[in-house]
Each structure stands twice: as C-alpha cells, then as structure tokens.
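Okay, thanks for coming, everyone.

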Amino acid sequence: MTTTRHEPASTHGKTVLITGATDGLGRALAHELAAQGATLILHGRNPAKGERLIHDLREKTGNTRLAYENADFSSLADIRALADRVATRDRLDVLVNNAGLGVELARRTSHDGIELTLQVDYLATYVLSSKLTPLLTRTAGARVVNVSSAGQAPLDFGDPLLERSWDGVQAYCQAKLAQIMLTLDHAELLRGHGVTVNALHPASYMPTKIVTHLFTVQSTLEEGTTNTLRLITDPTLAGTTGTYFNRATPDRAHPQAYDPAARARLLELSERHTGVAWPRIS
C-alpha cells in the first residue's frame with residue numbers, strides 16, 4: 001500500500017510582512033517564520049527593539065533574510081510611508097496585520113487628531129491593505145491575515161471617533177469589528193485574483209503587554225501563535241477567503257460585519273480620514 005507523505009506547511013522562500021513584530025504575538029510569529037526560512041519584513045515603532053529582534057532571530061535561526069521597518073502607527077504619514085516602502089519590493093506573499101492597542105484607560109488622539117485605538121487597530125490595516133493590494137495581486141497565492149478579536153462592538157457612524165462618549169472597551173471592540181468588516185470587503189475585491197484575506201481571534205487574553213496590565217491571562221501565547229500560523233501556512237486554506245476564525249474554527253462575527261451599507265460607510269470614513277483611496281482592480 002502506498003502512503004502519501006504530506007510535507008509540513010512552510011513559508012520557506014516567501015516574503016512576509018508582520019506589523020507589531022517586536023512584542024507578543026508578532027514576535028512569536030517572527031521566530032516561527034524565521035525558523036522556516038521566510039524572508040521577513042518586521043515592523044515596529046522602537047528602533048532599538050527592532051535591532052534586538054533582528055539580532056535575536058539571526059542568532060537563534062541563522063536566517064539572514066530579515067529587515068526591520070520603523071513606523072509609528074499614531075502617524076498616518078508613517079503608515080503610508082511604510083506601505084510605500086514595502087510596495088517597492090518584488091513580492092509580498094503574506095501580510096499579517098497584527099499591530100494594535102488593547103483597551104486604553106483614557107481617550108487619546110493620534111498625531112492626525114483621530115481617536116488613537118481606531119487609527120492603530122483599524123486605519124493602519126486599511127492603509128496597508130489598500131496600498132499593498134497591487135503588490136499582493138502580483139504575488140501568486142498571497143495571503144492577508146488580520147489579527148482581530150472576539151471582542152466586537154458595532155460602530156456608531158454618528159460618533160465613530162467617540163468624541164461624545166468615549167469608552168476604552170467600545171473603542172477597542174469597534175476597531176476590531178471594523179477590521180473584520182474590512183476583511184470581508186478586501187476578500188471580495190481580491191476574489192479571483194489568487195489572494196485570500198481572512199481574520200481571526202487567535203486566543204483569549206494571551207500573556208502580552210496589552211493584556212497583562214488589565215486582565216487575567218487565559219490562553220498561552222503558543223495557542224495564539226499556532227492559530228495564526230495556520231492561516232499563514234496551511235495549504236488546505238489556500239482557497240479560503242473572507243472568513244472570520246475564532247481560534248481555529250470559522251465563526252460568525254458581529255452582525256454589522258455582514259451589513260453592506262455599514263461596510264460602505266466604513267470605507268467612506270476610512271478614505272476620508274486617511275486620504276488613501278480604496279483600490280479598484282479589474
């Protein structure tokens with residue numbers, strides 16, 4: 001009897017951009033993918049931490065195909081510049097939109113005057129996804145993975161920046177739902193172009209810096225890393241797109257995610273606040 005041997009999923013030789021790569025889940029993903037031999041573009045907002053990460057990855061994995069990109073996501077100019085730099089590359093096999101804030105204790109605004117959680121957790125994903133779409137479509141089998149959350153709340157389009165009534169939990173949960181709404185639109189835009197776009201809740205309350213100052217840890221970092229890596233590498237998911245995963249299982253997001261009118265309003269808001277047009281491809 002002949003036994004079919006399945007090679008382990010790998011990103012060897014592929015180019016992967018991870019935002020928020022210097023801490024927590026992003027850092028754990030970087031270690032796993034570097035060990036697989038991926039070419040990594042690692043984003044952070046602290047050059048010293050970025051330098052340490054690159055050194056650590058080289059020492060532990062021997063991988064030298066590593067680049068650090070600095071960008072402060074509280075600045076739309078920085079986000080756009082990061083996208084423009086990455087867009088000059090020959091290929092981008094995987095975009096992992098992972099950077100984000102957790103539940104903030106006080107309302108803060110970005111350099112652009114936008115409620116900070118919405119900008120860092122959602123608008124950065126919007127800008128990178130929009131500006132890197134042409135590069136993704138030129139890379140056969142590219143994947144976009146948006147690290148979202150099971151914590152989701154609908155946007156009030158009458159007060160999307162929460163200027164009248166700010167709450168840290170609402171700010172976080174609406175930004176994470178917005179990310180899932182974008183996932184569905186991006187997947188639809190790229191359908192038929194060989195690019196998949198999915199979102200996931202990797203695990204609940206992992207031991208990361210955005211969790212431990214407020215919440216009790218419930219999941220291991222390894223659980224979240226495994227679930228995210230699956231969306232990046234699993235060959236059985238090559239045709240899966242426009243799906244929200246709760247850990248490893250496809251799930252339904254908040255109903256607003258499936259409202260075409262709400263998603264259209266979100267895209268209009270995103271274009272207006274970022275100055276980046278939603279891409280049109282044929």
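Let's start with Leu 162, which has a relative accessible area of 5% and so counts as buried. By buried I mean under 20% relative accessible area, with exposed being over 50% and partly exposed in between, using a 1.4 Å probe and protein chains only. Leu 162 sits in the loop between strand E5 (143–147) and helix H5 (168–190). Its phi is positive, about 55°, although Leu 162 is not a glycine.

Before I go on, a word on what we're looking at. This is a predicted model, where local features need pLDDT of at least 70 and side-chain atom pairs count only at pLDDT 80 or more, while totals for chains, interfaces and linings use all residues. Residues are numbered from 1 along each chain as its sequence is written, and side-chain values use heavy atoms, with hydrogens and water left out.

Now the overall picture. The chain has eight helices and eight strands; these are DSSP runs numbered from the N terminus, helices being H or I with at least four residues and strands being E with at least two. How does the radius of gyration fit a compact globule? For 282 residues the globule value would be near 19 Å, and the chain has 18 Å, which agrees. That radius is taken over C-alpha atoms, and the rule is 2.2 Å times the number of residues to the power 0.38.

As for contacts, meaning heavy atoms within 4.5 Å, take the ones with a separation of 6 or more: residues 24 or more positions apart account for 74% of them.

On to charges. There are 29 positive and 29 negative side chains, and the centres of the two sets lie 3 Å apart. Here Lys and Arg count as positive, Asp and Glu as negative, and His and the chain ends are not counted. Each charge is placed at NZ of Lys, CZ of Arg, CG of Asp or CD of Glu.

How many salt bridges does a search of the whole structure find? It finds 13, a salt bridge being a side-chain nitrogen of Lys or Arg within 4 Å of a carboxyl oxygen of Asp or Glu.

Let me pick out a few. Asp 23 and Lys 49 form one, at 2.5 Å from N to O. Asp 23 is in the loop between strand E1 (15–18) and helix H1 (24–36), and Lys 49 is in helix H2 (residues 47–61), so this pair ties together parts that are 26 residues apart in sequence. Asp 23 itself is partly exposed, at 28% relative accessible area.

Then there's Asp 93 with Arg 91, where the closest N and O atoms are 2.7 Å apart. Buried or exposed, what is Asp 93? Asp 93 is buried, at 3%, whereas Arg 91 is partly exposed, at 36%.

My next stop is Arg 247, which pairs with Glu 223 in a salt bridge, closest N and O atoms 3.0 Å apart. Arg 247 lies in the loop between strand E7 (243–246) and strand E8 (249–251), and Glu 223 in helix H7 (residues 221–233), so the bridge ties together parts 24 residues apart in sequence. Arg 247 is partly exposed, with a relative accessible area of 28%, and Glu 223 is partly exposed at 28% too. There's also a network: salt bridges that share partners join Arg 27, Asp 56 and Lys 60.

Arg 247 and Ser 149 are 98 residues apart in sequence, and 9.5 Å apart in space, C-alpha to C-alpha.

Two more residues and I'm done. Gly 168 is in helix H5 and is buried, at 8%. Setting aside residues up to four places away in sequence, Gly 168 touches Val 103 and Glu 104. From Gly 168 to Thr 183 is 15 residues in sequence and 23 Å in space, C-alpha to C-alpha.

Finally, Ser 130 is in helix H4 (residues 116–137) and counts as buried, at 4% relative accessibility. What does Ser 130 contact, leaving aside its neighbours within four places in sequence? Val 276, Ala 277, Trp 278 and Pro 279.
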